[in-house]
Amino acid sequence: MTIFNSIKSGFLKNPSFRRMFFSFPFRLIMLDLKKNQLLLVFWLIFFGMITHNVAIRYGLSYLFLGPEYFDRISFLSYFIVGFSCGGFIMAYNIASFIKNAFRFPFLASLRYPFLKYCINNFIIPVVFILLYCFQIYIFLRGENIMSTGKIFLMIFSFLSGIGLLLIMSFTYFFRANKDIFKLYGIQQSEDRPIKNTKKAITGERNPRLIKESRDWYVETYLSNPFKIRLVRSVQHYKKEMLKDVIRRNHHSAFIFQMISIVTLLGLGFFGETKAFEIPASASIFLLFTMFIMLFSSFYRWWRSWSTAVFIMFLFAFNYLHTIDYLSIENHAYGLNYNTEKADYSYDNFKKNDKRFDWYEQDVQQTLAILNKWKAKNTFLDEPLKKPKLVFINTSGGGLRSSLWTFYTMQYADSLLDGKLMSQIQLITGSSGGMIGAAYIRELYLEKQKQKIKSYYGPEYLDNISKDILNPIAFRIATTEWLFPMQSFMVDGKKYPKDRGYSMEQKLEENTNNIFDKRLSDYQMPEANAYIPMMIFSPSIVNDGRKLIISPQHVSYVTQNSRAEKVAYNKLFDAVEYLRFFEKQDAPKTLFSSVLRMSATFPYISPVVSLPSNPRIEILDAGLRDNYGLETTLRFIKAFNDWIAENTSGIVIIQIRDKHKNVPIEENPSQTWSQALGRPMDSFYGNLFEIQDYNQNQQVQMADLWCKTKIEFIDLQLRNDKHDRISLSWHLTNKEKKKVLQSLDLPENQQAIKRIVELLK
């Protein structure tokens, strides 16, 4: 310790080092490092976001660097993000002031104490803003969507948003200013500027420079961004006067916090107004601003007990959500939650498994669909030619999969003059891929009804690739973290407005309300083979089973094959939605809710609770079967004989959001933390590859029982690890182009050529 003190004393004798070490800005940074680590964590997260170091797989940085407002990057979108960023900076300054101001008594002797504090607390915010602007420039240059002049205009807009928020905030604080001169009528004397003298900056005791218990020693401060002044002595003021000044400024800051929190909560009531669909990055700034303000408010009242009290508040807040009225359960809209709950038990599974009449009835109904499909695809000039039976297996992957699935199906169908959509019998898969497939299926139906002339227009590609994330993020930032404050009605049944509701509304808006239907509305179009069947298979969180959702009764894909030669304890691995929730009005479920259940991306779209006893919750279909291949093979096995007799073979088109043969990952030298986390990272990171391996074995086994030739054709998105397309409900312009250009890859062109050969 003596050696350390000696080294420190030596450094402090250096005038330049001493000036820097005892300057107010530097002391505030040291104080944050020592006592305010939570504030620094927030900053580290934001630094990581804008530099592609946090959640890069999900494209989080692109939300900040290329924000969209009204579905486009604009002057206004950057202004809104800048305004929200300014709010976060102000929240940081207020929280820091409330926690730290009492350690610097000289503040009470200054005109506008809070303003002077903010000026000196500039280092982290200014570094962040400069880095942010640089990253915006690099991003927009890479996107190649605007000139250099326009890029600087976007940066200026971002800075203008920050500036306006700060001006508005300081206007309040100027009016609410409480300094020692105003409170006690003391006449202000001019602050002395720092002089470049040895006496002012060496270790000699200066009566103007004081150090009290718990106070942090400061020699100089910034009176404005360009002027350094010496700290004036406050020993001649009574301590009670100084404390009163700081306390009154705390009170003004607290009132500002409360106004801000109430304003943010109030914004949640305008979540459905188009103008309030602000960029997702702005909503993230708002959410973090709320967290900082809440915590600093607790600190104002509880001081050293604030952390413990805040934790107890979180426990109590968590308990409140168990109350039905305050519950944050998400529902499938149209389903009846106010009636008898479905019995989710092994006894019920066994009872339903013995309903052989269900199985036979469902098979006969689907055989009728298959016969109509055959009639539609048998031509008078070639009555003996048997058609190919086509299945679509499409993967999850957020908006990239929606766009990729829609584009590949649209392109292949255009080459075949509509014959692809005609010959598809069944579409299975998960998440975004199923949304893209459902969109082109709906357009195909609209074309048959002569409501549209064609579904090959580029406007449909634009629709399916529009942002869905902005309203979801806004709902999370303003109201959903608290309690559901609004509700809406469907068939006289009440449902909370949450981020699930926002997702469905945005999807409807993007697609011109084309999904404004019930599950039952697709029963007749599928039964008459006007459109392909779609079977959704989201996963049940409670036990990993599948929930099989279809407008048709399809019990034949919920049951394992009846074993004749093997005696074993049978597992029930799937539940048929339509029958299981028959008493809860399953057919009336909104189709947008069905799409959402299949695409429940954790934390972004909420887990859906269903009216059963015990209550079951639904997660993304990709958890069990990302491509829907298991469902496809069960369908083929159930109709093995019919397929062999009435078709010339099976074509399974897998639309994948990444290559099947993934590059072998190198195993470089690891840090201790990397080695610790690698087993779990490897397990979850390879989840879909493991599914591929298991399904590869199922395909090989199908060769033993299938009576018809099956040909697999892969359409694979170019999605390299070092140039990855975001797994998100938001895509940048460059990412959209990359999705579309993936069809030009030689292997994809060869796959398209093969599809045309098989179906023409």
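1. A residue is called buried here when its relative accessible area is under 20%. Keep that cut-off in mind for helix H7, residues 113-120, in this predicted model. Eight of the eight residues of H7 are buried, so the helix is largely enclosed by the rest of the structure. The buried residues are Pro113, Phe114, Leu115, Lys116, Tyr117, Cys118, Ile119 and Asn120. Note that Lys116 and Asn120 are on that list.

2. Now the overall picture. The protein has 760 residues, and 56% of them count as buried. There are 32 helices and 17 strands. Take the contacts with a separation of 6 or more: residues 24 or more positions apart account for 79% of these. The accessible surface of the protein is about 35,300 Å². Carbon and sulfur atoms hold 58% of that surface.

3. The largest nonpolar core has 169 residues. Phe64, Tyr132, Phe158, Phe581 and Leu610 have the most contacts inside this core. Helix H6 gives the most to the core, with 13 residues. Leaving out residues up to four places away in sequence, Phe64 touches Phe46, Met49, Ile50, Tyr132, Ser281, Ile284 and Phe285. Another core, of 27 residues, lies apart from the largest one. Leu370, Leu389, Val557 and Ile643 are among its members.

4. Aromatic pairs deserve a point of their own. The structure holds 53 of them. One is formed by Trp43 and Phe88, whose ring centres are 4.9 Å apart. Their planes stand at 75°, over the 60 degrees that edge-to-face requires, so the pair is edge-to-face. Trp43 sits in helix H4 (residues 37-50), and Phe88 sits in helix H6 (residues 75-100). The two residues are 45 residues apart, and their pair links distant parts of the chain. Trp43 and Phe88 are both buried.

5. A second pair is worth checking: Tyr333 and Tyr501. The centres of these rings lie 6.4 Å apart, which falls within the 6.5 Å limit for a pair. The planes are at 70°, so this pair is edge-to-face. Tyr333 is in the loop between strand S3 (330-331) and strand S4 (342-343). Tyr501 belongs to helix H22 (residues 499-510). The pair therefore ties together parts that are 168 residues apart in sequence. Both tyrosines, Tyr333 and Tyr501, are buried.

6. Is Asn348 buried or exposed? Its relative accessible area is 11%, under the 20% cut-off, so Asn348 is buried. The side chain of Asn348 reaches the backbone oxygen of Asp343 at 2.7 Å. Setting aside neighbours within four places in sequence, Asn348 is in contact with Asp343 and Phe580.

7. Last, a strand pair. Strand S1 covers residues 220-224, and strand S2 covers residues 227-230. How do S1 and S2 pair, in the parallel or the antiparallel sense? They pair in the antiparallel sense, over four bridges. Thr220 has Leu230 in S2 as its bridge partner. The hairpin that joins S1 to S2 runs through two residues.

Technical notes
Residues are numbered from 1 along each chain as its sequence is written. This is a predicted model: local features need pLDDT of at least 70, side-chain atom pairs count only at pLDDT 80 or more; totals for chains, interfaces and linings use all residues. Side-chain values use heavy atoms; hydrogens and water are left out. Buried means under 20% relative accessible area, exposed over 50%, partly exposed in between (1.4 Å probe, protein chains only). Rings of Phe, Tyr and Trp (its six-membered ring) pair if their centres lie within 6.5 Å; planes under 30 degrees apart count as stacked, over 60 as edge-to-face and the rest as tilted. A polar contact is a pair of N or O atoms within 3.5 Å; within protein, one must be able to donate a hydrogen and the other to accept it, and residues adjacent in sequence count only if both atoms are side-chain atoms. Contact means heavy atoms within 4.5 Å. Two strands pair if DSSP finds at least two bridges between them. A nonpolar core is a set of buried Ala, Val, Leu, Ile, Met, Phe, Trp, Tyr and Cys residues joined through side-chain atoms within 4.5 Å. Accessible areas come from the Shrake-Rupley method with a 1.4 Å probe; for residues, only the protein chains shown count as cover.
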